[in-house]
Amino acid sequence: MEVTLTSITQYLTRIATHFSRPSRLRFFLPGVLLLFFFNQFASAAVIGKVVQPFASYTFTADDNLLRIRDKMDPLPLLGTRNLFDMSHRFTGGLMFEKEISRQRLTANLNWTHTSFEKFNQMDNDLKSLNGNWNWFLGNRLEGNMGASYVQSLAPFLFQPGVKNIRTEQTEFINAIWRFHPSWNLNGRYTRYDLKTDSPNNSLQFLNRTEDRFEGGIDYVTSGRNTVGVLFRDTLGDFPVLVRAPDGSFTDNSYDQKEALAKINWAVSAKSNLSGTGGWVERNNASFKARNFSGFNARMTYSWQPTDKLGLSITGWRETAAMQLLTASFSLNTGVRVVPSWNITQKIRLEGDFFYQNMKFDRFSLLTDEALPLGIHNTLRNAAIKLIYNPYLGLQLSASVYNNHLKSDVSLGGFSANGANINLQYTYGRR
């Protein structure tokens, strides 16, 4: 099948028509991505160039792999008070990348099986599929559209010892119009769906959909630095009502509006500053006292003093649903520091130091009874990783880490120490 500018324009016209009906986007996008994928795979795919198979194995040993809290008795839940366990994670998949004229198509399909040596009731399979079409129309209009599907085991951070399989689906489309050498208009729509599969459906109240609309304008300097403004509106819908202690039902749906300034600036030849900051208002369908208005910001500073040394520092203050797990939002304030050292061309040492304070509002416990949430939570993570690339496509890495949570909830926090080894091979990696 020959792909021409005319046929690409026809696709864009159809997309614009369907975009006026956002409910269709979740079904239309995967179809477009699959159409391009299979057409190009059948006619021009070359293993190792267009399609790159990959596989990996990860071994993890952890003295509290299920993140059991300090004041929990794990015996009734796990049948033992010894929390140490080891896990094996096997992953296989395909990466797809193809350029058709100026259009660029990418996709990633992978499957992962994780088995636990002691707590084998937590054994699970991860399924992941995502695709993206980086499209161009003329010299001034471009964007991306894509979709993803992920089915995985939810983290144990606020669900210690609970096997909760979550399914996340995301569809998005965005565009940038460079209507002037120094000015860009941009817009984006994202649809996010989360569903949970937990014992006795106890966590169904976490199911949600989010519709996010964004629009903004950027000023571009001659050095390609940008400053701009961004307006965002997120509509969160929780289809499962929650019973409060007084017997009434509450709706955790919300509407969050943001007016943000953003910047991406090369401070020097070796450093860069980027981020957003501005005013956020969040209105909730129930518990109006939960409403929030205040300043949110996230900034990242990157510094590359030499060819071998690097440093990235990120700081933030923002409202967020913790790891997309809780119906209530928290006000998160934190910092992450990631230093790196390229010891040789094949050996790299990385650090990852993370601190975050999560403050849930005082009404959280009314609707999140199934989760051990305190009002004040402090999470500290520290990790060091050594990466070795003996040749292109093959990577061996080893890391050690400490995770620590301090919480004022009655069950307390936890402390966990662990190490893992990962071996990954990608055929055709360039």
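## Notebook: a first look around the chain

I started at serine 101, which is exposed, with a relative accessible area of 66%. The cut-off for exposed is over 50%, so serine 101 passes. I noted that this is a predicted model. Serine 101 sits in the loop between S2 and strand S3 (103–116). I then looked up its backbone. Serine 101 has a positive phi of about 60°, though it is not a glycine. Most residues other than glycine have a negative phi.

**Entry: the chain as a whole**

I stepped back for the overview. The protein chain holds four helices and 20 strands. It has 430 residues, and 44% of them count as buried.

I went back to S2 and picked phenylalanine 96. It lies in strand S2, which covers residues 85–100. Is phenylalanine 96 buried or exposed? Its relative accessibility is 4%, so phenylalanine 96 counts as buried.

**Entry: aromatic rings**

Next I looked up ring pairs. A pair of aromatic rings is described by the distance of the centres and the angle of the planes. The count for this model comes to five aromatic pairs. I opened one of them, tyrosine 57 with phenylalanine 90. The centres are 5.0 Å apart and the planes make an angle of 40°, and the pair is classed as tilted. Tyrosine 57 belongs to strand S1 (residues 51–62) and phenylalanine 90 to strand S2, so the pair ties together parts that are 33 residues apart in sequence. I checked the exposure of both partners. Tyrosine 57 is partly exposed at 27% relative accessible area. Phenylalanine 90 is also partly exposed, at 41%.

I then looked for a charge over a ring. Arginine 282 lies over the face of tyrosine 254, and the distance to the ring centre is 3.7 Å.

**Entry: the largest pocket**

Rolling a probe the size of a water molecule over the atoms shows where empty space is left. The largest pocket holds about 1300 Å³ of space. I listed its lining, which has 38 residues. Thr60, Arg67, Tyr401, Asn403 and Asn420 lie nearest the pocket centre. Which strand gives the most to this lining? Strand S18 (residues 376–391) does, with six residues. I sorted the lining by type: 16 nonpolar, 14 polar and eight charged.

Arginine 67 made me stop. It is one of the residues nearest the pocket centre, and it has a positive phi of about 55° although it is not a glycine. I found arginine 67 in the loop between S1 and helix H3 (75–78). At 11% relative accessibility, arginine 67 counts as buried.

**Entry: asparagine 184**

My last stop was strand S7 (residues 183–197), where asparagine 184 lies. Asparagine 184 is buried, with a relative accessible area of 9%. What is asparagine 184 in contact with, leaving aside its neighbours within four places in sequence? I listed Ile176, Trp177, Arg178 and Phe179 among its contacts. I also listed Gly216, Ile217, Asp218 and Val220.

Note on methods. Residues are numbered from 1 along each chain as its sequence is written. This is a predicted model: local features need pLDDT of at least 70, side-chain atom pairs count only at pLDDT 80 or more; totals for chains, interfaces and linings use all residues. Side-chain values use heavy atoms; hydrogens and water are left out. Helices (H or I, at least four residues) and strands (E, at least two) are DSSP runs, numbered from the N terminus. Buried means under 20% relative accessible area, exposed over 50%, partly exposed in between (1.4 Å probe, protein chains only). On a 1 Å grid over the protein atoms alone, a cavity is a set of points where a 1.4 Å probe fits but cannot get out, and a pocket is an open set with protein on both sides within 12 Å along at least five of seven lines; lining residues have an atom within 4 Å of a point. Grid points are joined across faces, edges and corners, and a volume is the space filled by probe spheres set on the points. Ala, Val, Leu, Ile, Met, Phe, Trp, Tyr, Cys and Pro count as nonpolar, Asp, Glu, Lys and Arg as charged, and the others, Gly among them, as polar. Rings of Phe, Tyr and Trp (its six-membered ring) pair if their centres lie within 6.5 Å; planes under 30 degrees apart count as stacked, over 60 as edge-to-face and the rest as tilted. A charge sits over a ring if NZ of Lys or CZ of Arg is within 6 Å of the ring centre and within 35 degrees of the ring normal. Contact means heavy atoms within 4.5 Å.
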